[in-house]
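Please keep the sequence and the model in view while reading.

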Amino acid sequence: MPTLITDPDLEQDLISRRRTWGGDKFDEVWDGVYVMAAWPNDEHQFLVKELTMILGLTIDWQKLGQTRPGVNVSDRRTNWKDNYRVPDVAVFLNETCAENCGSFWFGGPDFGIEITSEGDRIPEKLPFYARVRTRELLVIDRDPWTLTLYRNNGSEMIAIAKSTFEASSRLDSEVLPMNWQLVGGESGRSMHVTHQQHADQSWWIAIG
């Protein structure tokens with residue numbers, strides 16, 4: 001359940017303990033409010049691994065940009081820890097407007113992926129991603145399974161298309177040469193990822 005801590009000493013002690021054992025890896029700060037994220041379950045980590053691998057092959061190995069399996073993204077160069085988010089996967093293309101500042105990126109990824117977990121408030125992150133000029137964001141909901149592709153229209157992130165097992169639409173990225181789709185059948189349920197320019201480059205991620 002949500003917990004409000006008003007004791008500053010207890011707050012700092014709790015944050016310090018999380019940092020000591022590494023539990024703060026996925027924590028964020030929203031305009032000065034410390035947000036403690038639950039440690040992702042096995043399925044979540046599996047998806048991050050698979051998607052990072054695919055994007056590494058199609059983007060990094062082709063020298064089109066850099067992929068990160070989770071990275072700090074802020075809207076400020078100084079005092080960045082006062083406001084940052086941690087997308088599950090982030091792609092920064094060679095021509096990105098974002099700046100790598102070592103501990104964080106100043107500016108959003110060209111393409112980001114958020115995988116929902118219980119208690120996540122991803123819709124509340126959309127204004128931040130629009131503000132840091134994230135060009136596209138793929139949100140993966142798992143209950144029920146839905147892929148939603150958001151695109152930055154210059155002021156906000158707009159839902160462009162969705163894919164479900166019942167309506168297996170293909171999501172075509174305008175930022176990456178990639179397509180995304182949920183596909184179900186007798187052989188099981190999968191996320192199908194394909195390269196737009198190379199039909200032989202196709203990956204099936206078993207899910208559910």
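Two strands are taken to pair if DSSP finds at least two bridges between them. Helices (H or I, at least four residues) and strands (E, at least two) are DSSP runs, numbered from the N terminus. The model is a predicted one, in which local features need pLDDT of at least 70 and side-chain atom pairs count only at pLDDT 80 or more, while totals for chains, interfaces and linings use all residues. Residues are numbered from 1 along each chain as its sequence is written, and side-chain values use heavy atoms, with hydrogens and water left out.

With strand β9 (residues 111-115), β10 pairs in the parallel sense over five bridges, and G112 stands opposite L137 in β10. Together with helix α3 (residues 122-131), β9 and β10 make a right-handed β-α-β unit: with the strands pointing away from the viewer, the path from the first strand over the helix to the second runs clockwise.

Strand β11 (residues 145-152) runs antiparallel to β10, and seven bridges join the two. Here L138 has L149 of β11 as its bridge partner. The two strands form a hairpin with two residues between them. P144 lies in the loop between β10 and β11, and the peptide bond from D143 to P144 is cis, with omega near 0 degrees.

The loop between α3 and β10 holds R133, whose phi is positive, at about 65 degrees, although R133 is not a glycine. R133 is exposed, with a relative accessible area of 56%.

D110, in the loop between β8 (105-106) and β9, is by contrast buried, with a relative accessible area of 5%. A polar atom of the D110 side chain lies 2.8 Å from the backbone nitrogen of L93, and the side chains of D110 and T96 are joined by a polar contact of 3.1 Å. Such a contact is a pair of N or O atoms within 3.5 Å; within protein, one must be able to donate a hydrogen and the other to accept it, and residues adjacent in sequence count only if both atoms are side-chain atoms. Leaving aside neighbours within four places in sequence, D110 is in contact (heavy atoms within 4.5 Å) with residues including V91, F92, R135, E136 and V175.

How values were computed: Buried means under 20% relative accessible area, exposed over 50%, partly exposed in between (1.4 Å probe, protein chains only).
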